Amino acid sequence: MLWVALHLPSLSLESFAATLAGASAAQAPAGQAIALVDEHRIAAVNAAALAQGVKPGLKRATALALAPRIVLGQADAARDAEAMLPVAHAALAFTPNVSLQPASAPGAAADTVLLEVQGSLRYFGGLERLLQRLRASIEPLGHALAIACAATAQGAAVLARVDPPRRCATLEATRQALAAAPVWLLGPGRSHWEALQGMGLRRIGDLLGLPRAGLARRFGEKLLAEIDAAFGRRADPREPIVPARMFESRLELFARADSSEQVLHGAQVLLARLVAWLAAQHAFVRRFRLLMHHETRWQQGDRTPQATALEIALAEPSRDSAHLVVLLRERLAQVQLPAPTLELALQAEDIVKRAAPSGELFPTRQSEDEGLTRLIERLQARLGVEQVQRLAAVDDHRPERASCLHGAALARPARASERRAARGGQPPPGAAAKATRCPARPVWLQAPEPLAERNARPLLDGRPLGLLSGPERIESGWWDAELAERDYFIAETADGALVWIYRARLPLSSAGEGGWFLHGRFG
Amino acid sequence: MDASALPSVSARLPRRPPVEPLASDPAVASVPQDGPPAAVRRAPETLHPALWLGHQLGRAGVQTVASGFAALDAELPGGGWPRRVLSELLLPHPGVGEIRLLAPALVGAQRAGRQVMLFDPPAALSAGALAALGFGVEELLVVQTRARRVDGPKLASLTASREDRAGLGAARRPVLPGSDSLWALEQALKSGHVGAVVAWLPPRLRVERLRRLQLAAHGHDGPAFVMREAAAVARPTASPLRLSLHAAGGDRLLLRILKRRGPPLETPLELELPSVLSGAARRRSPIDRERRRFLHVATFVDIA
């Protein structure tokens, strides 16, 4: 058994800083002092606040006196737990045996994730590489990490808090490292810390030589149980966490977000969590939804909706966070938000489980297809789905109905080029035969434009057209309202271009009262 | 040393008159010169792909796609449509034979399994005509970045019904902002996953916009054609290749190379396009008849 412990020393600060993302970057520079307040006392501070003299334990007013520009947030265990879950999800991509180490202080959120990785070492190419990839997969979540390894779960959790975190592969090394660790790292030890210090017991190793009965009487059974679990003398079963079937994560913004750019900042945090949840299940998201809860306006007859939902569907399931952000940005840029946003929620249910795409160094056919799908998605996100179109031939003799444009469907169309490639790069056998049978058609079709007539010759822009070929009679469509009875000619304009004109045969036909019409140009 | 082997290395200067002392005086010739060695002077493209002699076509370093017209290939630097840059085509109006001119290159890209994208075609495309030119019609992607115009009030009903069936009618958005049209083109060029791009640009496009597209085209591995109005000839361009197209009667296309990496081409090229007319019909063309009459006269004069 080899346990890896991921300890997030400043989880509560980071989870609070994520809610600040709603404020614009100018308002929250990197050196902004941040502190969390719990029951009117400072609970946690960042480095910038520490530099100004704000320490944990100070009163709120004292902290404000020391650093007037400090951002004070309320400590919130539920928010921390919400931020902790994605870290566990990201770890689930490496081993199924992932559990959260319960917090030592009552009421606080867990801040350590435990992974049992013995079975995954071979697959990931050793502990070093595994840890490297683990760090890389947690990095988008934006947490500072302390990673320790030990032969026992409890031991790893303790060693992750030692500065610097220790890595011990064997039980023997784990015991040695634990013996040197300070005693207050043990969960129950914290409450008895002063008593232990008074007795001259500073290291865990100092406790080992003492009579067990006496220790249990003074400090409780739990301390002994924890030491035994850490030293591998007692079974320490852990309940592995299972990702929820449906993803839902919320982010309450510290400041209300007025612009879509601010909303996007917050949504990026949620998207990183979504990607971690997807990675845990080796899945790809096909559709997700961003809910923006608005500030309520207490006015009579105010019609502002409570929330705006933004539904984003993908043509190709993805878990590439950069791509998802781009799509979201394009969609957000189009949405007009009725009111400032206070809270964001991201939901995803529609996922696809499949093997991860193999990483390619050089561009391949598959990577090009994928890139093309993303390009189309990006264009559709900004221009609208129906603006990216595919052409299709329709069986109709009337030229204006022989082809139609339809929005390029989100689902991948049958790739004719692939089918053709299978046949050896030849066009379909029917197409060539069809092309030769079919008389010439112009590439450009326009709405029929009536032409003037002089001496029985049609005029275009005041100059006569020379008829070169025709007539080709098209008489079709009596079954629907648009009967066409036309004689088509290919004509040449004065500057030498070829145009397609027709003469309506019957004055009764719907296109007008007879005469010449320009219908197309040979491009 | 032959005088013709001594043109200036500087790229754009026309051919200079030969400098006599260098060629004739052996004492001067034997003295080591400051300039580059003779081999480099003959073929400066070996030094850097962006260099070429004033009187010859730039060849090395230009990746090209055969245009399908031998006469045109001979006049284009590198022997075909350039990749990774914009090729600018100036048209007096749509329908002078531009699609038939580009068809071999575009169909070639489709045959290679790559995507061809059309941006803002000026009119409705006919699937039958494109299929006859060899296109895989269903694989073409048409991107409408500007909302489609409805030409005349008289014919609005016909147009509207067509759009309704295409799913464009009711849900169609109003005219999109102008920046979107170039944004979409730029994205397609930058992505590098598109095989060939044909774009009909809005009129009176500012040159810095075009330069931006030209920069984006560096990532585009394939030909990129932009169609512009004929009046754009008076404005400068950022693209290294600029052609103007004119119809020349029958199934012919008159093509002027206005700008290329090489000397300007004085005489326009006349290309025979894939024909839409039968032989008999082509002979009926008045412009063609006139041309043949000139040909007769020329032949007669020659014999005389």
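Strands, as named in these legends, are DSSP runs of E at least two residues long, numbered from the N terminus. The model shown is predicted.

**View 1. The loop residue B:D251 in chain B.** B:D251 lies in the loop that links strand 9 (241-247) to strand 10 (252-259) of chain B. Is B:D251 buried or exposed? B:D251 is buried, because 22 other C-beta atoms lie within 10 Å and the cut-off for a buried residue is 20 or more. Residues up to four places away in sequence aside, B:D251 touches B:E272, B:L273, B:S275, B:V276, B:L277 and B:R282. B:S278 is 27 residues from B:D251 along the chain, and the C-alpha atoms of the two are separated by 9.9 Å.

**View 2. The largest nonpolar core and a second, separate one.** The largest nonpolar core has 100 residues. Those that touch the most other members are A:I490, A:I501, B:M117, B:V197, B:A199, B:L245 and B:L253. Beyond its neighbours within four places in sequence, B:L245 is in contact with B:L89, B:L90, B:L91, B:V96, B:E98, B:L101, B:L253 and B:L255. A second, separate core holds 85 residues, including A:L11 and A:L207. In soluble globular proteins, nonpolar side chains tend to be buried together.

**View 3. Helix 1 (residues 11-19) of chain A against helix 4 (residues 77-92) of chain A.** The two helices pack at an angle of about 90°, with their axes 9 Å apart. Helix 1 of chain A is therefore roughly perpendicular to helix 4 of chain A. From helix 1, A:L11, A:S12, A:E14, A:S15 and A:A18 meet A:R79, A:D80, A:A83 and A:M84 of helix 4. By class, the residues of this contact are 4 nonpolar, 2 polar and 3 charged.

**View 4. The surroundings of helix 1 of chain A.** Why is helix 1 of chain A largely enclosed by the rest of the structure? Helix 1 of chain A is largely enclosed because 7 of its 9 residues are buried. These are A:L11, A:S12, A:L13, A:S15, A:F16, A:A18 and A:T19. The elements of chain A against which they pack include strand 2 (34-38), strand 3 (41-45), strand 4 (71-74), strand 8 and helix 13.

**View 5. An open sheet of 4 strands in chain A.** The strand order is 8-11-9-10, and the pairing is antiparallel. Strand 8 (247-257) and strand 10 (307-318) of chain A each have a single partner strand, so one side of each lacks a neighbour in the sheet. On average, neighbouring strands of this sheet are turned by 20° against each other, direction ignored. Strand 8 of chain A is joined to strand 11 (residues 341-353) of chain A by 7 bridges, and A:E252 has A:E343 in strand 11 as its bridge partner. Helix 13 (residues 260-281) of chain A packs on the sheet and touches strand 8, strand 9 (283-294) and strand 11 of chain A. The direction of helix 13 makes about 30° with that of strand 11 of chain A.

**View 6. The contact between chain A and chain B.** Here 60 residues of chain A are in contact with 63 residues of chain B. Helix 15 (residues 365-383) of chain A supplies the largest share of the chain A side, 8 residues. That side has 33 nonpolar, 15 polar and 12 charged residues. Strand 12 (residues 388-393) of chain A runs antiparallel to strand 6 (residues 141-143) of chain B, joined by 3 bridges. A:Q389 stands opposite B:V142 in strand 6 of chain B.

How values were computed. Residues are numbered from 1 along each chain as its sequence is written. Chains are lettered from A and ligands numbered from 1 in the order in which they are written. This is a predicted model: local features need pLDDT of at least 70, side-chain atom pairs count only at pLDDT 80 or more; totals for chains, interfaces and linings use all residues. Two strands pair if DSSP finds at least two bridges between them. Axes are lines fitted to C-alpha atoms, for helices over the stretch in contact, and angles run from 0 to 180 degrees between N-to-C directions. Two residues are in contact if their C-beta atoms, placed from the backbone, lie within 7 Å. Angles under 35 degrees count as roughly parallel, over 145 as roughly antiparallel, 65 to 115 as roughly perpendicular and the rest as oblique. Ala, Val, Leu, Ile, Met, Phe, Trp, Tyr, Cys and Pro count as nonpolar, Asp, Glu, Lys and Arg as charged, and the others, Gly among them, as polar. A residue is buried if 20 or more other C-beta atoms lie within 10 Å of its own, exposed if 12 or fewer, and partly exposed in between; C-beta atoms are placed from the backbone. A nonpolar core is a set of buried Ala, Val, Leu, Ile, Met, Phe, Trp, Tyr and Cys residues joined through C-beta atoms within 7 Å.
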